[in-house]
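This briefing covers helix geometry, helix packing, salt bridges and the surroundings of selected residues. The points are grouped by topic below the structure.

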Amino acid sequence: MSRKTGMGNLKLDKHISRQFNEDLEDIKTAMLAMGGLVEKQLEEAIYSVIEADSKLAEHIIATETKIDEMEKDIDETCITLIARRQPAATDLRLVMAVSKTIRDLERIGDEAQKIAKMAIKLTEDGHPRGYEEVRHIGSCVRKMLRDCLDAFSRFDAESAISTMLQDEQVDKDYRTAIRETITFMMEDPRSISRSMNVLWVLKSLERVGDHAKNICEQVVYLVQGRDIR
C-alpha cells in the first residue's frame with residue numbers, strides 16, 4: 001500500500017546537505033514499503049484461514065524471508081546514517097523510530113507466518129468453530145496496523161494515540177473469543193485439536209495489535225518527544 005510521506009506537523013532539522021535530507025526521507029519511505037508488505041502478508045494469512053486456502057498459506061510462508069531482508073537492510077542503513085551524520089534532536093528521533101518500528105513490523109510478519117502455518121493445519125483438520133472470531137479480530141488488527149502506519153507517514157501523533165486506544169477493544173474481544181472457544185471445546189472434546197489451532201491464530205492476532213500499539217508509541221515519541229509506554 002503506497003502512502004504519502006509528507007512531514008505533517010513535524011519539523012525536521014534543517015541541513016546544509018541535501019543528501020542528508022534525502023537519506024532521512026529514504027529510510028522513512030523504505031519503512032513504509034516494508035509496512036505495506038507486512039499488511040499484505042497479514043491480510044492474506046487471515047484470508048487463508050477463513051477460506052481454507054492452503055496454497056496461499058504456503059506462499060506466505062515461502063515469502064517471509066523478504067520481510068526479514070527488508071528489516072536487515074533498513075536497520076543497516078539507520079546504523080550507517082547515525083555513524084556518518086551523527087543526527088541530533090528530531091533527526092535522531094526519526095532514525096530511532098524507524099529502527100524500532102521495523103522490528104515490530106518484522107514481528108508482525110512472524111505472526112502472519114504463524115497464522116499461515118495454522119491455516120494449513122486447519123485446512124487438513126476441517127472447519128472448526130472460531131472463524132467468525134478470526135474474521136472480526138483480524139479485521140480490527142488490520143485496521144490498527146493500517147492506521148498506525150498512516151499516522152507515521154503523516155507524523156500525526158493525535159491519530160497515533162487514537163489508534164492505540166483500539167488495542168483495548170482488541171484485547172477485550174480476544175478474551176471473549178478465548179472463553180467462547182474453550183467452552184465449545186469442553187462441550188465437544190472432539191473439537192479440541194482443531195479449536196486449539198484457532199486459539200493460536202487468535203493469539204497471533206492479539207500480538208499484532210500489541211505491535212501496532214508499539215508503533216503508535218514511536219510516532220508519539222517522534223513527533224512530541226514524549227515516551228508514553
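A salt bridge here is a side-chain nitrogen of Lys or Arg within 4 Å of a carboxyl oxygen of Asp or Glu. The model is predicted, and by this rule it has 11 salt bridges. One of them joins glutamate 132 to arginine 135, with 3.7 Å between the closest N and O atoms.

- Glutamate 132 and arginine 135 are 3 residues apart in helix α5 (residues 131-154), so about one helical turn separates them.
- Glutamate 132 is exposed, at a relative accessible area of 53%.
- Arginine 135 is partly exposed, its relative accessible area being 40%.

- Arginine 103 pairs with aspartate 75 in a salt bridge whose closest N and O atoms are 3.5 Å apart.
- This pair links distant parts of the chain, since arginine 103 belongs to helix α4 and aspartate 75 to helix α3 (residues 64-85), with the two residues 28 apart.
- The two partners fall into separate accessibility classes: aspartate 75 is buried, with a relative accessible area of 17%, whereas arginine 103 is partly exposed, with 31%.

**Packing of helices α4 and α7**

- The axes of helix α4 (residues 89-125) and helix α7 (residues 192-224) approach within 9 Å, and they cross at roughly 170°.
- Angles over 145 degrees count as roughly antiparallel, and α4 and α7 are therefore roughly antiparallel to each other.
- The residues of the contact of α4 with α7 comprise 17 nonpolar, 8 polar and 10 charged.

- Glutamate 111 forms a salt bridge with arginine 207, and the closest N and O atoms lie 4.0 Å apart.
- Because glutamate 111 is in helix α4 and arginine 207 in helix α7, this pair ties together parts that are 96 residues apart in sequence.
- Glutamate 111 counts as buried, at 5% relative accessibility.
- Arginine 207 is partly exposed, with a relative accessible area of 30%.
- A network of salt bridges links Glu111, Lys114 and Arg207.

**Glutamine 218**

- Glutamine 218 is a residue of helix α7.
- At 10% relative accessibility, below the 20% limit, glutamine 218 counts as buried.
- Leaving aside residues up to four places away in sequence, glutamine 218 touches Ala97, Lys100 and Thr101.

- Helix α1 (residues 18-50) consists of 33 residues.
- From its first C-alpha to its last, α1 reaches 48 Å, close to the 48 Å expected at 1.5 Å a residue.
- Alanine 52, which follows α1, has a positive phi, near 50°.
- Lysine 40 is placed in helix α1 and is partly exposed, with a relative accessible area of 42%.
- Between the C-alpha atoms of lysine 40 and alanine 112 there are 9.6 Å in space, while 72 residues separate the two in sequence.

Technical notes
Residues are numbered from 1 along each chain as its sequence is written. This is a predicted model: local features need pLDDT of at least 70, side-chain atom pairs count only at pLDDT 80 or more; totals for chains, interfaces and linings use all residues. Side-chain values use heavy atoms; hydrogens and water are left out. Helices (H or I, at least four residues) and strands (E, at least two) are DSSP runs, numbered from the N terminus. The expected span of a helix is 1.5 Å times one less than its number of residues. Axes are lines fitted to C-alpha atoms, for helices over the stretch in contact, and angles run from 0 to 180 degrees between N-to-C directions. Angles under 35 degrees count as roughly parallel, over 145 as roughly antiparallel, 65 to 115 as roughly perpendicular and the rest as oblique. Ala, Val, Leu, Ile, Met, Phe, Trp, Tyr, Cys and Pro count as nonpolar, Asp, Glu, Lys and Arg as charged, and the others, Gly among them, as polar. Buried means under 20% relative accessible area, exposed over 50%, partly exposed in between (1.4 Å probe, protein chains only). Contact means heavy atoms within 4.5 Å.
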